[in-house]
Amino acid sequence: MKQATKGLLLGVISAAMAATLLMSTPAFAQKKKPGGGTGAAPAPPTPPAPAGAGGSDIEIDDPNTPKAPTDPAGGTTPPAGGTDPAAGGTGGAGATGGAGGICEIDPSACPKGGDIKAAAGKDVAAEVYAVQQIYALRYHRFELMPYWALTLNDQFVNHPGPGLGANFYITNVLAVGISGTFYQGLNADSDFNFQNRRATRVAVPLNEYQYNANLNVSYVPIYGKFAGFSDFIFHYDLYTVAGLGILSTRPIPVIDPDNRNFAFEAKLAFNAGLGLRIFFNRWFAADLEIRDYIYNEKLESLTLAPTQAQQQDKGTWFGESKITNNVQAQLGVSVFLPFSWEYRLPK
Amino acid sequence: MQTRQTRFFSGALLRVSAAAAVLGATAYATPAAAQEIQITGPLAGAPAVRKERLHRDGRFELAPQFAFSLLDEYRQTHALGTTLHYNIKDYLSVGVFGFFALFNPTTDLTDQIDKVANRNSRTAPNVNHKGTGTGADPFTNGSFADQTTKISFFAGPQAQFAPFRGKIALFQKLFVDTDLYIHGGIAFVGLQERGDCGGGGSQKSCTDPDSFKLQGRTAITGTGGLGLSFYTNKGIGFRAEYRALPFSWNRPGFDSRGAGTDGKFPNLQATGTAVVDGKDQTFKWNQFVTIGVVVAFPWETKISE
């Protein structure tokens, strides 16, 4: 009992220290490399778009985009001749260069003087993030993760079951949460166990699960986006998760099923895993997670006591204990709450 | 003691869960915020991707890989092989794959059966042994591992479909072009499996020690899976892949089916004479993970508009 308590305390302290360390890590901005910075061959400079050339592609951050004189009045009045796409003018003089050309692209999105003043009045985070335009923000949001679990490493008994996870993101990349899986009634003893027992007269001790419940810490070190058919883009992240909890299991009696009837018993279980989350919109995502639950399993005794009275004694039913890994795939979805949020700064 | 321990953990879990819920409810009131610009307007019609490095389009790809099997009952398969593909489009390729087993290690179950299974008249048709079981020549231990089926190769034609393409950033330092692909095709699987016995004619009795010898067979099945390619430069990358090879085979070499209702009972139980044949093959969703490198040629990649 003491050892178990110490283990629990150590686990909680370790998790808290890890969380503190991670939270105190400053964000670093990535230096912009010339020519793209990702190993690509430097692209040739894009020639400036000819004035009045309607329908040309627009690069928001293209340094070669012609700069237009700034409206001294704050850019609230788009000058004539070049801001109306319908008129065929995208590069004409007089665009509000202070707004990065957005007034040229979409006059309705052009910031008003009042907007800029209000934005300037807000508190500014000192850090500059390498990734400014995060599609699906996690910071201070809840995540509900219903999933279905499948066993990956037990060829003797499958342990499928429904589960639910709930996380709260303390930062955009660090979350604390709980999760649980329900297995009872769904454990599937593989046919080959029986065929093997019948053919060889050798029995393999088997165990089934009832449920697990866990406290977790999640960290998202990798996020990015994929292009599908070069036509649409979806965002994803890869996350790690670790925690501790309980896993309730019991042996399936195969050595002496006439006398042995095991009850479920909770064991301390540590877990660690890796997950992939693919966002369909800003609050809904699909999840694939591989998680390993490590616990000390108690197996059925392979020997029978000499007398019936002894055989019915529960003290003779258990054999050796083994550190066991239950590796499971968890397929599910994520729902982030609240569904929408307010960005602090325009950029 | 166990009950108290269970109560302790259950109670601790409840308390910590309640604390987390309170913390979460408090934090929920704080509005989420970030630094981002939301671009609206005519860019909605702009191309999603521009100047994309097309690592596949019009190129051949040779991908030497190491494959290992998952969730094996009696014997694993560790194989070395390769795929060779030509990419008709950046998202579609056709080619071949071929893997040959380097070694087939036994599982712990096989080793335990070898150690503890009794060799007697009841197990004689199913567990390898020596001797005839007569007084002068009693049953003695043979190698159970020697009767378990080995996968010796799997090969065939296949197609790859790579609809998803992007980059992975590791700690915002290392960027790798990545694609996610699915593959499917036809597989020819070479097996070393226990031969038929007990069926009469020239077949040996299943209690004959010689009946446990393995014979070659080729199973034909479909194959499929998905994988990730990581292109570290123009011509060389890494690849990790999942492959399923579902088919029926008699993995331990037992007489386990073929008689009784729906043929689900062993011949030995139904008729008193063991028969090992094709009816003893059971379906298994065989799974492999492969990891390796991919070399593409010609060296230069195309760039999309």
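View 1. Chain A has 347 residues, of which 29% are buried. Its secondary structure comprises five helices and 10 strands. Among its contacts with a separation of 6 or more, 63% are between residues 24 or more positions apart. The mean pLDDT of the chain is 73. A value of 70 or more is reached by 65% of its residues. Where pLDDT is low, the predicted coordinates should not be read in detail.

**View 2. Chain B as a whole.** Chain B contains three helices and 14 strands. It has 305 residues, and 33% of them count as buried. Among its contacts between residues at least 6 apart in sequence, 65% join residues at least 24 apart.

**View 3. Helix H4 of chain A, from the side of its buried residues.** H4(A) covers residues 191–200. Its buried residues are Phe192(A), Gln195(A), Asn196(A), Ala199(A) and Thr200(A). They span an arc of only 100 degrees around the axis, so they sit on the same side of H4(A). What do the buried residues of H4(A) pack against? Their partner is helix H2 of chain B, residues 108–116. After H4(A) comes Arg201(A), with a positive phi near 60 degrees.

**View 4. Helix H2 of chain B, the partner helix.** Leu109(B), Thr110(B), Ile113(B) and Asp114(B) are buried in H2(B). Seen down the helix axis, these residues fall within an arc of 140 degrees, so they line one face of H2(B). Asp108(B), Lys115(B) and Val116(B) are on the other side and are exposed. The cover over the buried residues of H2(B) includes H4 of chain A.

**View 5. The largest nonpolar core.** This core has 13 residues. Ile246(A), Leu247(A), Ala269(A), Tyr293(A) and Tyr295(A) touch the most other members. Which strands of chain A each supply at least two residues of this core? They are S6 (206–228), S7 (232–252), S8 (265–279) and S9 (284–300). Tyr295(A) is in contact with Leu247(A), Lys267(A), Leu268(A), Ala269(A) and Thr324(A), leaving aside neighbours within four places in sequence. A second core of 12 residues is separate. Its members include Ala79(B), Phe97(B), Ile151(B) and Phe154(B).

**View 6. Gly273(A) and its surroundings.** Gly273(A) belongs to strand S8 of chain A. Is Gly273(A) buried or exposed? It counts as buried because it has 21 C-beta neighbours inside 10 Å, and the cut-off for burial is 20 or more. Residues up to four places away in sequence aside, Gly273(A) touches Val241(A), Glu289(A), Ile290(A), Arg291(A) and Asp292(A). Ala242(A) is 31 residues from Gly273(A) in sequence. In space, the two C-alpha atoms are 6.3 Å apart.

**View 7. Two cis peptide bonds.** In chain A, a cis peptide bond joins Leu337(A) and Pro338(A), with omega about -5 degrees. Pro338(A) is in the segment after strand S10 (318–337). In chain B, the peptide bond from Phe297(B) to Pro298(B) is cis. Its omega is near 5 degrees. Pro298(B) lies in the loop between strands S13 (282–297) and S14 (302–303) of chain B.

View 8. His140(A) is not a glycine, yet its phi is positive, about 55 degrees. This residue is in the loop between helix H3 (113–121) and strand S1 (142–151) of chain A. His140(A) is buried, with 21 other C-beta atoms within 10 Å. Leu71(B), also a residue other than glycine, has a positive phi near 55 degrees. Where is Leu71(B) placed? It is in the loop between strands S2 (60–70) and S3 (78–87) of chain B. Leu71(B) has 18 C-beta neighbours inside 10 Å, so it counts as partly exposed.

How values were computed
Residues numbered from 1 in each chain as written. Chains lettered and ligands numbered in written order. Predicted model: local features only at pLDDT ≥ 70, side-chain atom pairs only at ≥ 80, totals over all residues. pLDDT = per-residue confidence, 0-100. Helix = DSSP H or I, 4+ residues; strand = E, 2+ residues; numbered from the N terminus. Arc of directions from axis to C-beta. Contact = placed C-beta atoms within 7 Å. Core = buried A, V, L, I, M, F, W, Y, C linked by C-beta atoms within 7 Å.
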